Amino acid sequence: SRRVDALVLSSPALDAGLSAVQKVLLTVGPALAPNLPVANGLKPGWVCRDPAVVQAYIADPLVHDRITGRLAKFLIDAGRDVLAVASRWSVPTLLMWAGADRCV
């Protein structure tokens, strides 16, 4: 395997900012119905500040608002795991954060 020389991370999903209720649902939901798609909670207005872009996003038939419990659990667990070991990273890392943007 090849050693990683450097990382560039663009708004990685390290903390989804879940509420207490969402955290409880995430512990139960994936165990009961891991492939059941549910609303992801992302609002179309978070995609862009340009109303025309938001409307195009809403009209796009390939865009959906669903996520499975299995995928949500994977994202939350992976973000937590990365944060837990980040202080031990020795690879140069450029972390770019979206600032005020809510969905990137």
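Is D5 buried, exposed or partly exposed? I looked it up: D5 has a relative accessibility of 47%, so it counts as partly exposed (under 20% is buried, over 50% exposed, and partly exposed lies in between, with a 1.4 Å probe and protein chains only).

**Ground rules.** I am working with a predicted model, where local features need pLDDT of at least 70, side-chain atom pairs count only at pLDDT 80 or more, and totals for chains, interfaces and linings use all residues. Residues are numbered from 1 along each chain as its sequence is written, and side-chain values use heavy atoms, with hydrogens and water left out.

**Salt bridges.** I searched the whole structure and found five salt bridges (a side-chain nitrogen of Lys or Arg within 4 Å of a carboxyl oxygen of Asp or Glu).
- D5 pairs with R3, at 3.7 Å from N to O. R3 is exposed, at 56% relative accessible area.
- D65 and R66 also meet in a salt bridge, 3.5 Å from N to O. I have D65 as partly exposed at 39%, and R66 as partly exposed at 38%.
- For R80 and D77, the closest N and O atoms are 3.2 Å apart. Both sit in helix α3 (residues 69-85), three residues apart, or about one turn of the helix. Shared partners link K73, D77, R80 and D81 into one salt-bridge network. R80 is partly exposed at 48%, and D77 is partly exposed at 21%.

**Helix α1.** Next I checked the length of α1, which covers residues 20-32 (helices are DSSP runs of H or I with at least four residues, strands are runs of E with at least two, and both are numbered from the N terminus). Its 13 residues should span 18 Å at 1.5 Å a residue, and the end C-alpha atoms are 19 Å apart, so the two agree (the expected span is 1.5 Å times one less than the number of residues). I also noted a kink of about 30 degrees at L26, shortly before the proline P30 (the angle between axes fitted to the seven residues ending there and the seven starting there).

**Largest pocket.** Where do I look for the residues closest to its centre? The lining has 39 residues, and A16, L18, N40, L42 and I76 are the closest to the centre (on a 1 Å grid over the protein atoms alone, a pocket is an open set of points where a 1.4 Å probe fits, with protein on both sides within 12 Å along at least five of seven lines; lining residues have an atom within 4 Å of a point). α1, β2 (37-39), β3 (66-68) and α3 each give two or more residues to this lining.
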